[in-house]
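Here is a short report on one protein model. Look over the sequence and the fold, then read on.

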Amino acid sequence: MSKFSTNVGLAAQIIQEGGIVAFPTETVYGLGANALDEDAVSKIFDIKKRPANNPLIVHISQESDLDKVTRSIPIKAKILINHFWPGPLTLILPKKNNVPSITSANLDTIAVRIPNHPIALKLINKSGVPIAAPSANSSGKPSPTTAEHVQNDLADKVDLILDGGECDVGLESTVLDLTVEPPVIWRPGAVTKEQIEKLIGNVEVKETIQNNIPKSPGLLHKHYSPNSPLFIFEPEEIITEAKKYLKENKKVAILTTKENIDIYPQNADILSLGHRSSLQEIAHNLYDALIETDNLKVDVILSESFPEKGIGMAIMDRLKRASENK
Ligand code: TXA
Ligand code: MG
């Protein structure tokens, strides 16, 4: 049964009553529950089969609500908030005790952002509570960028799916930890390292295991993975590899760009991510293409690589985490 709706009032009521609502943001769809309600939040972990050591992001609709979830707001946070909120930047800040420990996976810090999407903002506003929301996909799979993606993955498990069409950005928010000095980007996103450094100076981009201590636990797990193995290659290698697999009667998907569509064996499933000149366009289409390879039931996925600057850093982060050859 379809659970699509555009009734934000009903969705807010469900949140208030401890239910689960999938809703659109500018990045990806979120799986929302009242962040202050332990039972409601535990449903999110069940539905996604999410490991309990992977903390959630709390979504608020106005800056003044920050003190519902954080103990203090450092000056660097204020500068970034002024510049980027509402928008795809999640800040890690000191957590307030009234936020149940399940929401932050027992960490003393909390991830928070104001999403830049009218439906999300209206939902948070009407609910009157901060909304904890991971991406609305089964743990480890590519994140949903349309209501249909959510429907196909989780429809029987959520109370309602608010339909807001396609997400603008298409990749999850940048996660920036401001509880350490210098600040650390644990997950690259549409707000880039370059943009952040212009405002607050040096930040580091870190891998997630340091001295064997998981700092941003969610990033430890293999992630964003379609069902079939994915390999990242240069175009010439893709041609060779594709021919090899096709000869073995394998079904091959190739993730490419408008510029290169014609160079590959045409009996492969060729999925264009957009123009190479627009990394925004590539980011917007990436998850939809990965999910499409699942629908096509291909045996192997061969993807081009992209320059790791600007949002390209986030694109390559997701592709590498999905891939077999990092
Ligand atoms: O764009 C987004 O961020 C989407 C939309 C729905 O807002 N949400 C999202 O949530 O991507 P999720 O749960 O899929 O990813 C949250 C990431 C995880 O990698 C998690 O480990 C990290 O943020 N995280 C959350 N709280 C943290 C904390 N206190 N310290 C370090 N990392 C944290
Ligand atoms: Mg996720």
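## Helix 9

How many of the 11 residues of helix 9 (residues 312-322) are buried? Nine of them are, so the helix counts as mostly covered. Buried here means under 20% relative accessible area, exposed over 50%, and partly exposed in between (1.4 Å probe, protein chains only). Helices (H or I, at least four residues) and strands (E, at least two) are DSSP runs, numbered from the N terminus.

The buried set is Gly312, Ala314, Ile315, Met316, Asp317, Arg318, Leu319, Arg321 and Ala322. Their cover includes strand 10 (184-187), strand 14 (230-232), helix 8 (279-296) and strand 17 (300-303). Contact means heavy atoms within 4.5 Å.

## Basis of the model

This is a predicted model: local features need pLDDT of at least 70, side-chain atom pairs count only at pLDDT 80 or more, and totals for chains, interfaces and linings use all residues. Residues are numbered from 1 along each chain as its sequence is written, chains are lettered from A and ligands numbered from 1 in the order in which they are written, and side-chain values use heavy atoms, with hydrogens and water left out.

## Overall build

The protein has nine helices and 17 strands. Its radius of gyration is 20 Å, close to the 20 Å that the globule rule gives for 326 residues, so the protein is as compact as a globular protein of that length. The radius is taken over C-alpha atoms; the rule is 2.2 Å times the number of residues to the power 0.38. Along the principal axes, the C-alpha atoms fill a box of roughly 60 × 50 × 35 Å.

Of the 326 residues, 56% are buried. Among contacts between residues at least 6 apart in sequence, 67% join residues at least 24 apart.

## Helix 3

Helix 3 (residues 75-84) has Ala77, Leu80, Ile81 and Phe84 as its buried residues. Seen down the helix axis, they fall within an arc of 105°, so they line one face. The arc is that of the directions from the axis to the C-beta atoms.

Strand 5 (89-94), strand 9 (174-177) and helix 6 (193-200) are among the elements covering these residues. The face turned away from the buried side carries exposed Ile75, Asn82 and His83.

## Arg276

Arg276 sits in the loop between strand 16 (269-272) and helix 8. Arg276 is partly exposed, at 29% relative accessible area. Leaving out residues up to four places away in sequence, Arg276 touches Thr257, Glu259, Asn260, Ile282, Glu304, Ser305, Phe306 and Pro307.
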